[in-house]
Every structure is written in structure tokens, then in C-alpha cells.
Amino acid sequence: MCAIVVNIPATIPIISICLIILLLYNKMNNKVKRQLQTQERALIYIRDALSFYLTDVRVKNNLYNIIIIVVSMSTAFFETLKTEFEWETASKSWLQSFATILPIGMSTFIAFISSMMKFERLSDKMEDTTKSIEKCHYAINKQREIRDCINSDETAITEANLCFREAIMNAEMLWLSRM
């Protein structure tokens with residue numbers, strides 16, 4: 001009986017040390033999980049902002065393309081009318097001038113719109129934004145994987161932090177390039 005009494009107090013410090021270690025580990029684990037959740041929320045906000053920006057760029061690109069299509073079709077329609085009704089040989093000089101100048105003006109307008117699209121680099125912006133959104137998706141997924149893991153090691157957490165930083169850096173470069 002005495003041996004049992006002596007062994008019980010000897011194990012109490014070991015149990016308390018194990019409990020303290022477990023509490024510290026859980027506290028650190030909770031801190032890491034909170035950090036990962038915060039990073040995940042930040043990435044979701046950034047991804048959503050990038051999605052809104054991408055939508056704006058796509059709308060602008062589509063508008064330019066629709067204008068080019070409509071003006072091109074109008075030019076073709078006008079050229080067909082000009083040929084069918086022989087406006088080039090019309091007796092009225094204003095009709096001859098109009099039939100000659102209008103297609104030139106429409107073609108110039110199409111060239112102007114195409115130049116504006118090239119100048120604004122809309123296709124490059126859409127591609128860069130899509131890449132940045134993909135990096136955000138990857139980083140969000142990495143944050144969730146590690147957060148849901150019970151025993152995530154330090155390298156996995158470091159990898160998640162690197163993914164977070166890379167996604168943030170890519171988004172910042174994209175936003176700074178807009179200025």
C-alpha cells in the first residue's frame with residue numbers, strides 16, 4: 001500500500017506536465033487555426049474583389065467587341081446598298097460624297113475602337129486577373145486543408161503562409177498596375 005501511495009504522487013507531476021504541454025499545444029494550435037481562418041477570410045475578400053474587377057473588364061471588352069461587330073455589319077450593309085443602288089454614279093453629288101465618305105469613317109471608327117482595346121490591354125488584364133483569382137483559390141484551399149488537419153506540422157503551416165503571401169502579392173501587383 002505504501003508503494004502505491006508513493007507512486008501516485010510521483011505520477012502526478014508527470015500527468016500535470018503532460019496536461020500543461022497539451023494545453024500549450026492546443027493554445028498554439030488554436031492560435032495557428034485562428035491565423036489560418038483570418039488569412040482565409042482575407043483571401044476570400046480579395047478573391048471576390050478580383051472577381052468584381054474581372055467582371056468589369058469583361059463587360060468593357062464585350063462592349064468594345066459588340067461595337068466593332070455592329071459597325072462592321074453596318075459598313076457591310078451600307079456597301080451592299082451602295083453597290084445595289086449605284087450611289088457612286090448618282091446624279092446628286094452629295095450622295096456620291098456620302099457614299100464614299102461614310103465607309104471610310106466607319107472603318108476609321110473600327111480601327112479606333114480596336115486601338116483602344118489594344119491600348120487598354122483588356123485581354124492581358126483578364127488573363128492576369130484570372131491567374132490571381134486562381135492563386136487565391138489555391139491559397140484558400142491550402143488554408144482550409146491545414147486548418148482542418150488535426151496535427152499539422154510546421155512545414156505545412158509555412159507552405160500555407162507562403163501561398164497566402166503569394167496570392168496577396170499577386171493581387172497587389174494587379175491592383176498597382178491599374179494606377
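Author: One term to start with: contact means heavy atoms within 4.5 Å. The model is predicted, so local features need pLDDT of at least 70, side-chain atom pairs count only at pLDDT 80 or more, and totals for chains, interfaces and linings use all residues. Residues are numbered from 1 along each chain as its sequence is written, and side-chain values use heavy atoms, with hydrogens and water left out.

Reader: Which residues is Asn170 in contact with, leaving aside neighbours within four places in sequence?
Author: Ser132 and Lys135. Asn170 itself is found in helix H4. Helices here are DSSP runs (H or I, at least four residues), and strands are runs of E with at least two; both are numbered from the N terminus.

Reader: Is Asn170 buried or exposed?
Author: Buried, with a relative accessible area of 13%. The cut-offs: buried is under 20% relative accessible area, exposed is over 50%, and partly exposed is in between (1.4 Å probe, protein chains only).

Reader: Lys135 came up. Which side chain does Lys135 meet in a salt bridge?
Author: That of Glu166, at 3.0 Å from N to O. A salt bridge needs a side-chain nitrogen of Lys or Arg within 4 Å of a carboxyl oxygen of Asp or Glu. Glu166 is in helix H4 and Lys135 in helix H3, so the pair ties together parts 31 residues apart in sequence. Glu166 is partly exposed at 37%. Lys135 is partly exposed too, at 33%.

Reader: How many salt bridges does the count come to?
Author: Nine. One of them joins Glu127 and Lys131, with the closest N and O atoms 3.5 Å apart. These two are four residues apart in helix H3, so about one helical turn separates them. In general, an α-helix has 3.6 residues a turn, so residues three or four places apart point the same way. Glu127 is partly exposed, with a relative accessible area of 44%. Lys131 is partly exposed at 43%.

Reader: What about Arg47? What does Arg47 form a salt bridge with?
Author: Asp48, with the closest N and O atoms 3.3 Å apart. Arg47 is buried at 19% relative accessible area, whereas Asp48 is partly exposed at 31%.

Reader: Switching to the core. How many residues are in the largest nonpolar core?
Author: It has 25 residues. A nonpolar core is a set of buried Ala, Val, Leu, Ile, Met, Phe, Trp, Tyr and Cys residues joined through side-chain atoms within 4.5 Å. Leu43, Ile46, Leu50 and Cys136 have the most contacts inside this core.

Reader: Which helices give two or more residues to this core?
Author: Helix H1 (2-84), helix H2 (93-120), helix H3 (122-148) and helix H4 (154-177). H1 gives the most, with nine residues.

Reader: What does Ile46 touch, not counting residues up to four places away in sequence?
Author: Cys136, Ile168, Ala171 and Trp175. Apart from this core lies another one, of six residues, among them Leu36, Ile146, Ala156 and Ala160.

Reader: Now H2. How many residues does H2 have, and what does it reach end to end?
Author: H2 has 28 residues and reaches 40 Å from its first C-alpha to its last. That is close to the 40 Å expected at 1.5 Å a residue. The expected span is 1.5 Å times one less than the number of residues.

Reader: Which residues of H2 are buried?
Author: Leu95, Ala99, Pro103, Met106, Ile110, Ile113, Met117 and Glu120. After H2 comes Arg121, whose phi is positive, near 50°.

Reader: Last topic, aromatics. How many aromatic pairs are there?
Author: Three. Rings of Phe, Tyr and Trp (its six-membered ring) pair if their centres lie within 6.5 Å; planes under 30 degrees apart are stacked, over 60 edge-to-face, and the rest tilted. Phe78 and Trp87 have ring centres 5.5 Å apart and planes at 50°, so that pair is tilted. Phe78 is buried at 9%, and Trp87 is buried at 19%.

Reader: And Phe85 with Trp87: how far apart are the centres of their rings?
Author: They are 6.0 Å apart, with the planes at 20°, so the pair is stacked. Phe85 is exposed, at 54% relative accessible area. Ring pairs link Phe78, Phe85, Trp87 and Phe98 into a cluster.
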